[in-house]
Amino acid sequence: MNVNFQTDSKKSDTPSTPKAVIQARDLDFSYGDSQALFNINMDIHKKEVTAFIGPSGCGKSTFLRCFNRMNDLIEIAKIKSGTIKISDVDIYDKNVDVIELRKHVGMVFQKSNPFPKSIYENIAYGMRIQGIKNKKELDETVETCLKGAALWDEVKDRLNQSALGLSGGQQQRLCIARALAVKPKIILMDEPCSALDPVATAKVEELIHKLKKQYTIVVVTHNMQQAARVSDRTAFFYLGRLVEYGPTEQIFMNPENPKTEAYVSGRFG
Amino acid sequence: MGRKEIQQNGKLEPFNLMQKNSHKEPTHLFSKRFSKKKVLEESVTYLLRTLTYLVIVLAGYLFLDIAYKGSKAIFKTEAPFINTQFLTEKPQTLHVFEPLEIDKKLSKIRSEVLSLNIKTKSLSSANTEQAKEYSTTIKAHNNEIKRLDILRKKDRLTFSDTEYRALEFTPSLDEFKYNTYAYSGGGIGPAIIGTTLLVFGSILIALTMGVLCAIYLSEYSKPGRSLQAIRLSILNLSGVPSIVFGLFGFGLFVLYLDWGVSLIAGWFTLALMALPVIITASEESMRAIPKGFREGSLALGASKWTCIRTNVLPYALPGILTSSIMGIARVAGETAPIMFTAAYALRDRLPWEGLENTTDFFFQGVMALPYHIYVVSSKIPQNEYTQNMQYGTALVFLLIVGSFALSSIILRAKVRKKYDW
């Protein structure tokens, strides 16, 4: 496998480094009677890209959606035991305001879901619902976010046109820009490139690489090459368990677990 | 060898078939053949087609009949072409004076024709000569009737109440035969106004209640026993006959809440009737909104209500509006629910006339088109003087309900353009 590593991560991998922004401890998660995650322990590091890989149904998306409590929307989903801390705050604590959490932890979905509004309004949405009406502030943020998502040059002349007129790749980058507008610290991406062609994928990956400087990014992906290309650390999930987690280089070149090795070398999954 | 056999078989089989069923020999392998199955097929097609067209013909006849008879009341042949009197005035008694002399002549000839008809029937079939004579006489009489009828129409005098009271000399009863027909003069202005008020009020109430219920059901409620119970009750509500709604409204709003026969009682009764349709349709429209809209909005830190307000309701709006207005248009046509709750057979004041307090506006009965149709078609005789009112009212009512439906379609197109997805 020919893999270009773009990582410069330090290889200190003790369980609780001070850099860890997301800490999952002994997490058990279930949908009704069927348990989806078993005893997950993981530290996700600040301003790094962490990739979750694994076959379908292994729980990686479920785990990702725990971080901004999107699983709350599912009636039967619940955390049976364990904690998740973000910046040392237990996010499942009673005192946590989910709205504030979600502003802090942005999310980009598998299927690009721009709102059927203009490009401008899509970006401004997050601020408008916070009650920001100042036109100048909105204009500025829209521009910064679009630039941040490397979309500005492509859409600056048609900000008032419907976002649905954009191509698939542009729509996905618009969704990233939209997430940036509420100024999150962490961005979760749930298979952001699964519906995109290779050119659009390359652009999104480039963007992820660029965003790493400012944001902590967690990417769920089916595409192992993608994980190898964009991430600093990789976690391999299998049947609801975290099989192996470590620097991407190590997971791909020198995995400890035979399952991981079988998966990354394409022998199953 | 094998190929030859197949060829022979291929030729033989259809040939045998043909010999059984038809005298014509097939010219080639795929030529058309007669079979019972085909006949059945054809006849089923024709049956279905005939039935479908029958429906169209009946509906067309119904509407054209009302339109033809009703247009006599609404339109006229002179300049403005629209009979504004009919559309704006209050219903009045029609006073008809028919020339007595012509009337006497007419009834005489009519009775003669009648007796001749009886005579013709009693004649033996051999007596053709006599029968011929009779039929020529009848023909002549009929022509005379037509002539006299035209004269009668020319010489007769019709007055509405106000006109009648303003008369300086009433036509002498020695020269004229005098008849009155209730509700047949004047117009249907108050009924048009009443129906419009009823419809708009009930739309407002039904839409508010219905959409709020639908939001709860589609966005907040958790599946379980209570939700099932709610759905069941909505289903039941839609199955309740309109007269029962009328009685319910009468019992609750008119008597128990003591609102009397009033606009507001009618509003609530009609709104209750339209609720099931509106709730169901609104809920469907909201459920049809993709999950991505909600997730995307919530992930940006929107509260649930913000998400619904900004990212669900606007996109569900076209569906909600259309079905709701359609539902209301259907309900607006019901007579039974307003019969006991809101409608007066006759009211000489318009809703905004002679109010002591502004709140009195809501607590007064109104005239309404469906009830007016019921009154004029069941309480007064059917003849040339009353027909105008009966069919005119029906046509106006159809047009109003139709325009509601049309406006809902236009509104949907507009809203959909704005919130396209």
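Q: How do the residues in the lining of the largest pocket divide by class?
A: In this predicted model, the lining has 19 nonpolar, nine polar and 14 charged residues. Of the residues nearest the centre, A:Leu73 and B:Leu298 count as nonpolar because Leu is in that class. B:Lys291, B:Arg294 and B:Glu295 also lie nearest the centre, and they count as charged because Lys, Arg and Glu are in that class.

Q: What makes a residue part of the lining of the largest pocket, and how many residues line it?
A: A lining residue has an atom within 4 Å of a point of the pocket. By that rule 42 residues line the largest pocket, and the space in the pocket is about 1200 Å³.

Q: Which elements each supply at least two residues of the lining of the largest pocket?
A: They are H2 of chain A and, from chain B, helix H7 (189-220), helix H8 (225-239), helix H11 (291-299) and helix H12 (304-332). H11(B) gives the most, with six residues.

Q: Why is the pair A:Arg65 and B:Glu295 called a salt bridge?
A: The rule asks for a side-chain nitrogen of Lys or Arg within 4 Å of a carboxyl oxygen of Asp or Glu. Here the closest N and O atoms are 2.7 Å apart, so the pair of A:Arg65 and B:Glu295 meets the rule. The pair crosses between chains, with B:Glu295 in helix H11 of chain B and A:Arg65 in helix H1 (residues 60-66) of chain A.

Q: How many salt bridges are there between chain A and chain B, and how many in the structure over all chains?
A: Between chain A and chain B the count is one. Over all chains the structure holds 20.

Q: How do you know that chain A and chain B touch, and how many residues does each give?
A: Contact requires heavy atoms within 4.5 Å. By this rule 23 residues of chain A and 19 residues of chain B take part, so the two chains are in contact. About 1700 Å² is buried between them, with 65% of it on carbon and sulfur atoms. On the chain A side, A:Pro116, A:Tyr125 and A:Ile129 lose the most area to chain B, together 30% of what that side buries.

Q: How many residue pairs are in polar contact across the interface, and what makes a pair qualify?
A: There are five such residue pairs between chain A and chain B, both residues being at pLDDT 80 or more. A pair qualifies when N or O atoms lie within 3.5 Å, one able to donate a hydrogen and the other to accept it. Four elements of chain A each supply at least two residues of the side that touches chain B: helix H2 (98-104), strand E6 (105-108), helix H3 (119-128) and helix H6 (168-180). H2(A) gives the most, with three residues. That side of chain A divides into 14 nonpolar, three polar and six charged residues.

Q: What is the volume of the second largest pocket, and which residues are closest to its centre?
A: The volume is about 700 Å³. Of its 24 lining residues, B:Leu94, B:Thr158, B:Ser184, B:Tyr385 and B:Asn388 are closest to the centre. H15(B) provides the largest share of the lining, five residues. By class, the lining has eight nonpolar, nine polar and seven charged residues.

Methods:
Residues numbered from 1 in each chain as written. Chains lettered and ligands numbered in written order. Predicted model: local features only at pLDDT ≥ 70, side-chain atom pairs only at ≥ 80, totals over all residues. Heavy atoms only, no water. Buried area = accessible area lost by both parts, 1.4 Å probe. Polar contact = N/O pair within 3.5 Å; in protein donor to acceptor, adjacent residues only side chain to side chain. 1 Å grid on protein atoms, 1.4 Å probe; cavity = no way out; pocket = protein on both sides within 12 Å on 5 of 7 lines; lining within 4 Å. Points joined across faces, edges and corners; volume = space filled by probe spheres on them.
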